[in-house]
Amino acid sequence: MSVSLADYRAAVTAPGAAVPVLTSAVGRFPVAMFSFATLLYVQRESGSFAVAGAVSAGSLVGVALGSVLQGRLMDRRGPSRVLLAAAALFALGAGGLVAAVQARAPLPVVVAIALCTGLVMPAMPGASRALWERLVPAGPRREAAYGYEAISLEVFFVLGPGVAALLASTPWPGTGTAVAVLATVAGAVGFALSGPVRGSAPLPSTGSSPWGAIASPGMRTTALAGLGFGLVVGAVEVGVPAVATGLGEPWLGGALLSAWSVTSVLVGVLYGMRPWPRALHLRMPVLVAGFGVLVLAMWLAGTAGSLVLLVIAMLAAGGLITPQTTGHSLTVEVVAPRGAATEAFGWVVTAITVGAAVGQSLAGVVVEAAGASGAFLAGGAAGLLVGAVLWARRRTIEGTPSAA
């Protein structure tokens with residue numbers, strides 16, 4: 001099924017959608033900005049990419065666990081109370097994290113605080129996506145709504161770290177972390193208090209497994225696709241600032257990551273009109289493997305010492321970001337058990353954030369051991385490996401009846 005620009009417009013202007021769309025955008029924008037801003041903050045304070053990668057990874061692991069736990073609570077109790085409680089706890093945890101970094105607390109202490117803070121970061125992506133089942137009917141408009149969620153979330157995953165890198169250049173390197181916390185809390189509270197969200201009642205659940213949505217083989221395949229995506233993005237998010245720092249232009253890393261989002265949004269809208277491969281079970285392995293190939297091209301350009309070729313390869317790779325995140329969202333619509341949509345998408349967010357955590361941590365070690373461009377080699381190889389595994393598992397999501 002393909003969608004038109006009119007379907008996108010009809011989805012985001014549906015009755016009752018205005019306030020949730022606006023507040024969810026504010027609350028989701030820092031979804032990747034917070035961990036990356038923390039990475040740069042700790043790196044500036046400690047002088048080590050390895051230490052910073054460990055703290056950022058702790059934050060991302062917390063977000064990964066929290067997305068699933070909060071998603072399950074929202075499916076059972078509704079999103080409003082869960083989001084309001086999470087926003088309050090997140091503000092407290094972030095304050096403790098900043099205090100620990102400023103006090104030069106031992107690394108295990110900082111990592112533990114970062115993990116706890118990530119755990120209570122409001123799970124806005126899953127809550128926002130699940131609301132569309134109640135706002136628009138099934139069909140092209142709902143697919144357009146999921147496309148909007150994927151495109152906007154992708155922009156936030158790419159643009160957020162770019163903004164964080166720019167803010168890290170201010171006199172206080174923790175500015176990006178502070179801005180991310182304020183936006184998260186404000187967006188989550190506004191979304192939770194909006195009319196459609198307060199009126200959301202839990203749907204009857206068809207799942208009985210203690211593992212929840214992830215018990216479905218199709219969901220495990222979808223989560224694996226998110227993991228591969230996160231691995232590659234996490235490696236690039238460390239490699240690009242490392243290259244810029246090596247050139248003596250730290251601001252360039254943020255600018256390049258921000259430019260990445262321009263290509264991905266443009267390609268994402270066009271791709272939604274004529275997706276290829278059209279079959280979802282073929283689309284995910286092809287896109288992940290292609291992503292890995294283009295990031296390997298970034299490694300080759302970096303090894304050759306050509307900044308121009310590196311930027312060209314980076315923009316080309318960015319064109320495959322939105323098609324992947326859109327595919328994740330559409331596949332969740334197909335494989336998620338009824339009444340578990342928020343938790344199911346939480347598993348996708350979990351997989352992406354775990355992948356980004358591992359990718360950032362691994363890339364930080366590779367950068368210090370083998371140079372900045374080595375991060376792209378690690379990320380590209382991970383993309384190819386996950387793409388091969390997805391191809392072997394492609395039948396798990398073929399022909400699965402839609403939960404809708």
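Predicted model: local features only at pLDDT ≥ 70, side-chain atom pairs only at ≥ 80, totals over all residues.
Contact here means heavy atoms within 4.5 Å of each other.

**Helices H4 and H6**

Sorted by class, the contact of H4 with H6 holds 13 nonpolar and six polar residues, with no charged residues. An α-helix has 3.6 residues a turn, so residues three or four places apart point the same way.

The packing angle between H4 and H6 is about 30°. Angles under 35 degrees count as roughly parallel, and H4 and H6 are therefore roughly parallel to each other. H4 passes H6 in a right-handed crossing.

**Helices H11 and H16**

H11 and H16 form another packed pair, with an angle of about 35°. The crossing of H11 past H16 is right-handed. In the contact of H11 with H16 there are 18 nonpolar residues, eight polar and one charged. The geometry of both pairs is set out below.

| Helix pair | Residues | Packing angle | Distance between axes |
|---|---|---|---|
| H4 and H6 | 49–77 and 107–119 | about 30° | 6 Å |
| H11 and H16 | 217–246 and 341–370 | about 35° | 6 Å |

**Leu73**

Leu73 belongs to helix H4. Its relative accessibility is 39%, so Leu73 counts as partly exposed. Apart from neighbours within four places in sequence, Leu73 is in contact with Gly78 and Val82. Ala25 lies 48 residues from Leu73 along the chain, and the C-alpha atoms of Leu73 and Ala25 are separated by 22 Å.

**Helix H5**

Helix H5 takes in residues 79–102.

The buried residues of H5 are Pro79, Ser80, Val82, Leu83, Ala86, Ala87, Phe90, Gly93, Ala94, Leu97, Ala100 and Val101. Val82, one of these buried residues, is also a contact of Leu73. The buried residues of H5 pack against several helices, namely H3 (33–46), H4, H6, H7 (124–135), H9 (175–193) and H10 (195–198). After H5 comes Arg104, which has a positive phi near 55°.

Technical notes. Residues numbered from 1 in each chain as written. Heavy atoms only, no water. Axes fitted to C-alpha atoms, helices over the stretch in contact; angles between N-to-C directions. Helix = DSSP H or I, 4+ residues; strand = E, 2+ residues; numbered from the N terminus. Parallel < 35°, antiparallel > 145°, perpendicular 65-115°, else oblique. Left-handed = near helix turned anticlockwise from the far one by under 90°. Nonpolar A, V, L, I, M, F, W, Y, C, P; charged D, E, K, R; others polar. Buried < 20%, exposed > 50% of the residue type's maximum accessible area, 1.4 Å probe, protein only. Expected span 1.5 Å × (residues − 1).
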